Amino acid sequence: MEIITSAQNPKIKNLLLLQEKSKARREQGLFVVEGRRELQHCLEAGFHVHTLFVCPEIAGQDGNEVMSGTDRAFVIEIPEQLYRKVAYRESTEGILAEVEYKSLSLEDLVLPENPLVMVLESVEKPGNLGAVLRSADAARADAVLLCDPLTDLFNPNLIRASIGAVFTVPTVACSSEEAIAFLEARGIQILTAQLQDSSLYYNVDMTRGTALVMGTESTGLTDVWRKAASAHIRIPMLGRLDSLNVSVSAAILLFEAVRQRQG
């Protein structure tokens, strides 16, 4: 164990760099997880901790338990004042970790019969992605495909917004073309959420293998998905606005699939 008290220490500077720069994360093969709950989900998903930063004043006995569960990790103890400077938020139990990259590919996915898959095309905001992942976890979706993503999967804001769901739901970053080929090869119907030429979502059968596909709130889906769709679906808009937040829409569609499958 090493004790660091200065924000000028190279290891602290590198921790901040990994939090802020996707390029640094890619080059080093490391990303940052903050909080005991998020780190526990990460470990359960088979990730390995490279370096563990613990603030004893905040973590208390929890810090000892986390350290015992990450026996491969190099442990650095930091005081509360320094922890407040490097942590994204204060309510994370005094625990930060640099974790080794481990990314899934489409070939790694093992899907059950009649799977439920959530697909997001070019959704940029980490908060929206994180919220969709939480809904996918709650609905027990079998996979989430992030097509042509505009933010990396291990962005700290995404991990934080997902409360660790990025580790509990098999999630793959790929191109739209790769995703379509993957879904079609497995006979999974593609339901695209769009206002034009569409049926009400609750009138479409989702009990078979289904991929629910959503795009950005501003531009929607590209033509490649519209053309590949088995059916187009929409959520009725009864107010004066014509769109919902993508994470809200995703939750509605996911739980319609759950409702149909439990019925």
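Me: Two strands pair if DSSP finds at least two bridges between them; given that rule, which residue of strand 5 does V33 stand opposite in this predicted model?
Reply: Strand 2, residues 30-34, is joined to strand 5 by five bridges in the antiparallel sense, which is enough to count as pairing because the rule asks for at least two. Within strand 5, the bridge partner of E34 is L96. V33, for its part, stands opposite A97.

Me: Strand 3 also pairs with strand 5, so which residue of strand 5 is the bridge partner of V54?
Reply: Strand 3, residues 49-54, pairs with strand 5 over five bridges, in the antiparallel sense. In strand 5, the partner that V54 meets through a bridge is I95.

Me: Which strands stand at the edges of the five-strand sheet?
Reply: The five strands form an open sheet of mixed pairing, in the order 1-4-3-5-2.

Me: How many of the six residues of strand 5 are buried?
Reply: Strand 5 covers residues 95-100 and is largely enclosed by the rest of the structure.

Me: V99 lies in strand 5; is V99 buried or exposed?
Reply: Leaving aside neighbours within four places in sequence, V99 is in contact with G29, L30, F31, V33, L39, C42, F47, H48, V49 and H50. Its relative accessibility is 0%, and because the cut-off is under 20%, V99 counts as buried.

Me: What distance separates the C-alpha atoms of V99 and L52?
Reply: V99 belongs to strand 5, and L52 is 47 residues apart from V99 along the chain. In the model, the C-alpha atoms of these two residues are separated by 8.6 Å.

Me: What arc around the axis do the buried residues of helix 3 cover?
Reply: In helix 3, residues 36-44, the buried residues are E38, L39 and C42. They lie on the same side of the helix, which follows from the arc they cover, only 95°.

Me: Which strands stand at the edges of the seven-strand sheet?
Reply: The sheet is open, with parallel pairing and the order 8-7-6-11-9-12-10. Each edge strand has a single partner strand, so one side of each lacks a neighbour in the sheet, and these edge strands are strand 8 (171-174) and strand 10 (199-200).

Me: What angle does the direction of helix 12 make with that of strand 11?
Reply: Strand 11, residues 210-214, runs parallel to strand 6, residues 116-121, and five bridges join them. Helix 12 packs on the sheet, touching strand 6, strand 9 (189-193), strand 11 and strand 12 (231-234), and the angle between its direction and that of strand 11 is about 165°.

Me: How far apart are the end C-alpha atoms of helix 12?
Reply: Helix 12 has 17 residues, which at 1.5 Å a residue should span 24 Å. The model agrees with that expectation, since its end C-alpha atoms lie apart by 24 Å.

Me: What relative accessible area does R140 have?
Reply: R140 sits in the loop between helix 7 and strand 7 (143-147), and its phi is positive, about 55°, although it is not a glycine. Most residues other than glycine have a negative phi. R140 counts as exposed because the cut-off is over 50%, and its relative accessible area is 72%.

Definitions and conventions
Residues are numbered from 1 along each chain as its sequence is written. This is a predicted model: local features need pLDDT of at least 70, side-chain atom pairs count only at pLDDT 80 or more; totals for chains, interfaces and linings use all residues. Side-chain values use heavy atoms; hydrogens and water are left out. Buried means under 20% relative accessible area, exposed over 50%, partly exposed in between (1.4 Å probe, protein chains only). Helices (H or I, at least four residues) and strands (E, at least two) are DSSP runs, numbered from the N terminus. The arc is that of the directions from the helix axis to the C-beta atoms. Contact means heavy atoms within 4.5 Å. Axes are lines fitted to C-alpha atoms, for helices over the stretch in contact, and angles run from 0 to 180 degrees between N-to-C directions. The expected span of a helix is 1.5 Å times one less than its number of residues.
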